[in-house]
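I opened the structure and kept notes on what I looked up. The entries follow in the order I made them.

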Amino acid sequence: MTLTSTPTGGPALTQERRIVTAIPGPRSEALMARKNRAVASAVGTTMPVFAESAGGGVVVDVDGNSFIDLGSGIAVTGVGNSAPRVVDAVQAQVAAFTHTCFMITPYDSYVEVAEKLNELTPGSHEKRSALFNSGAEAVENAIKVARSYTGKQAVVAFDHAYHGRTNLTMALTAKSMPYKSGFGPFASEIYRAPMSYPFRDGLSGADAAKRAISMIEKQVGATNLAAIIVEPIQGEGGFIVPADGFLPALVDWASTNGVVFIADEVQTGFARTGTMFASEHENIVPDIVVTAKGIAGGLPLSAITGRAEILDATHTGGLGGTYGGNPIACAAALAAIETYIEDDLAGAARRIEATLVERFALAQAIDPRIGDIRGRGAMIAVEFVDPETNEPDAALTSAVARACHQAGVIVLTCGTYGNVIRFLPPLSIPDALLAEGIDVVLTALENA
Ligand code: PLZ
C-alpha cells in the first residue's frame, strides 16, 4: 500500500519502503568516502546512507531508496520532516529577518514561544522561560539557575542518565563510552544516585525512591544540594520508565528540602509519550522543565521553563547567548506547537504505542530473547536478553538493527548495556508504514 499524503500533510513523498540499490547505494558510498576524508572520524553515523528528502514517515536517500523512519532524527521530527506549517513559518521568517540577537533587538516570536511553554508545561503557577540552542545548553542553564536561586552547588543525577556532551552535561551523563571517555576532567559537585529500573531492580517506586533519597542524604546532604535532575523516562539510557511513585516521591522530597527539581524532557517532550510532557503521566510538577528536540520541527531550539521566583532570581544579563531563541527557530517552534495541538499528535502517539506494544507482546510470547517491552506513547523500546541468564544481549541488538537498516527501516539502539532497540517514529507516520516497519524488525529478529 502506498500513500502520498500524511496526517500532517508533509511533502508529497510517496509513503513507502523502497529499496532500489544495494545499501549503501553508489552515491551514498561516494559521499561516505568524502565524509571520511573531510569530517572528523569521531562523528559517527548510524545509517550508511545520505539523506536527500524526508516527510511523513519516510527518509529518502541520495540513491532513491526510501526508508521507513522509526527514529525521527532522535525524537526531533515529531510533527514529521518539513511539516507544512513549519515550512511556511520558516520561509516567511527567513525572508523577514534571520537574526538580530534577542539580547540586542528583541522580537515577538521569542516572547510567544515563552508564553506557550509557560502555558503548556505542567502546573498552573506563574512561570518564566528562557531559550537556547541545544538540549545540553538548556540543561546547563537549568543548573545555573538552580544554583543561583538556592545559593547551593551540588547536583544529583541518576544512573543511566543522559543530559548531553558539553562539559557540565558530560558530568551529568552516566555512560563513559562513547560520551565521556578521555574527555575529563569533568565539572565538580555532581553526584549520582540509583535510578528506578523495574526490569532490573524489581523495586517498587517507593522503595527505589527511598534508596535514592537515602544515598542523597548520606552522601550529599540537602543543605548542599541545589538540584535533582532526572529524565521522566530515560532516553539514551534505555527508555527506562521508573516504577510508579518514584518521581512523585523525589519531587516531594525536593520541595520539602529546598532543592530544585529539574525534569529533563528533552527527549520525552512535545506529545512524544502520549501527553504533551511525560511528567504528566505521574502528575508531577517540576520546578524547571528542560525542552529541546521536538520543540521546533527540526530547527535547533531549546528552553528552560520554571517557577517565576526561580528563573527571576538570576541577575539580569546572567543568561543568554548569541543565537538563543533565534527567530527562525522560534517561528518553527510556534508552527510545530500549533501542529502538535491542532493535529492531536499526543493521540497519534498513543495509537502508535498501542500498535507497537501489541505487536511486540505477541512476539515476546514466543521469543524469550525479548526481555522487556516498555515506554510510553511513541517512545517504546524492546530490551534483548539471554533467556537463560537475563544478561543483556548487545550483539543480538546490533545484528537486528543492522538487518533493519539493510531492509529499509531506520531503527536506533540505546541503553547502558547497548541491548535496547528504541522506536521513536514521527507522530505523522501513516499506520500502514508503522505496521510494515514492525514486520521488518520482527523478521530481522527471527533471522538473527
Ligand atoms: N537530554 C534527555 O536525550 C539528547 C543525543 C544523541 P542535545 N539525546 C540525543 C547523541 O549521541 O548526541 C539529549 C537527551 C536528553 C539532553 C540531551 C542533549 O540534547 O540537543 O543533543 O544537546
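**Entry 1: exposure, and what kind of model this is.** Before looking at any residue I wrote down the terms: buried means under 20% relative accessible area, exposed means over 50%, and partly exposed is in between, with a 1.4 Å probe and protein chains only. The model is predicted, so I noted its limits: local features need pLDDT of at least 70, side-chain atom pairs count only at pLDDT 80 or more, and totals for chains, interfaces and linings use all residues. Residues are numbered from 1 along each chain as its sequence is written, and side-chain values use heavy atoms, with hydrogens and water left out.

**Entry 2: the whole chain.** I found 14 helices and 15 strands in the protein chain; these are DSSP runs numbered from the N terminus, helices being H or I with at least four residues and strands E with at least two. The radius of gyration is 21 Å, close to the 22 Å that the globule rule gives for 448 residues, so the chain is as compact as a globular protein of that length. That radius is taken over C-alpha atoms, and the rule is 2.2 Å times the number of residues to the power 0.38. Along its principal axes the C-alpha trace spans about 60 × 60 × 45 Å. Of the 448 residues, 55% are buried.

**Entry 3: the cores.** A nonpolar core is a set of buried Ala, Val, Leu, Ile, Met, Phe, Trp, Tyr and Cys residues joined through side-chain atoms within 4.5 Å. The largest one has 92 residues, and Ile-262, Ile-304 and Phe-360 touch the most other members. Helix 11 (residues 327–342) gives the most to this core, with eleven residues. Domain 1 (4–69 + 344–447) and domain 2 (86–342) each supply at least three residues to this core; the domain bounds come from an automatic or database domain assignment. Apart from it lies another core of 26 residues, including Met-195 and Ile-213.

I then looked up Ile-304, taking contact as heavy atoms within 4.5 Å. Not counting residues up to four places away in sequence, Ile-304 touches Phe-132, Val-145, Val-290 and Leu-311, among others.

Entry 4: Four strands form an open antiparallel sheet in the order 11-12-15-14; two strands pair if DSSP finds at least two bridges between them. Which strands stand at the edges? They are strand 11 (370–376) and strand 14 (412–414), each with a single partner strand, so one side of each is left without a neighbour in the sheet. The twist averages 30° from one strand to the next. Angles run from 0 to 180 degrees between N-to-C directions, and axes are lines fitted to C-alpha atoms, for helices over the stretch in contact.

Strand 14 and strand 15 (residues 420–423) pair over three bridges. In strand 15, Ile-421 is the bridge partner of Thr-413. Helix 12 (residues 345–366) packs on the sheet, touching strand 11, strand 12 (379–384) and strand 15, and its direction makes about 170° with that of strand 11.

Entry 5: The peptide bond from Met-177 to Pro-178 is cis, with omega near 5°. Another cis bond joins Gly-184 and Pro-185, with omega about 5°. Pro-178 lies in the loop between helix 6 (167–172) and strand 6 (190–193), and Pro-185 lies in the loop between helix 6 and strand 6.

Ser-82 is not a glycine, yet its phi is positive, about 45°. Ser-82 is partly exposed, with a relative accessible area of 39%.
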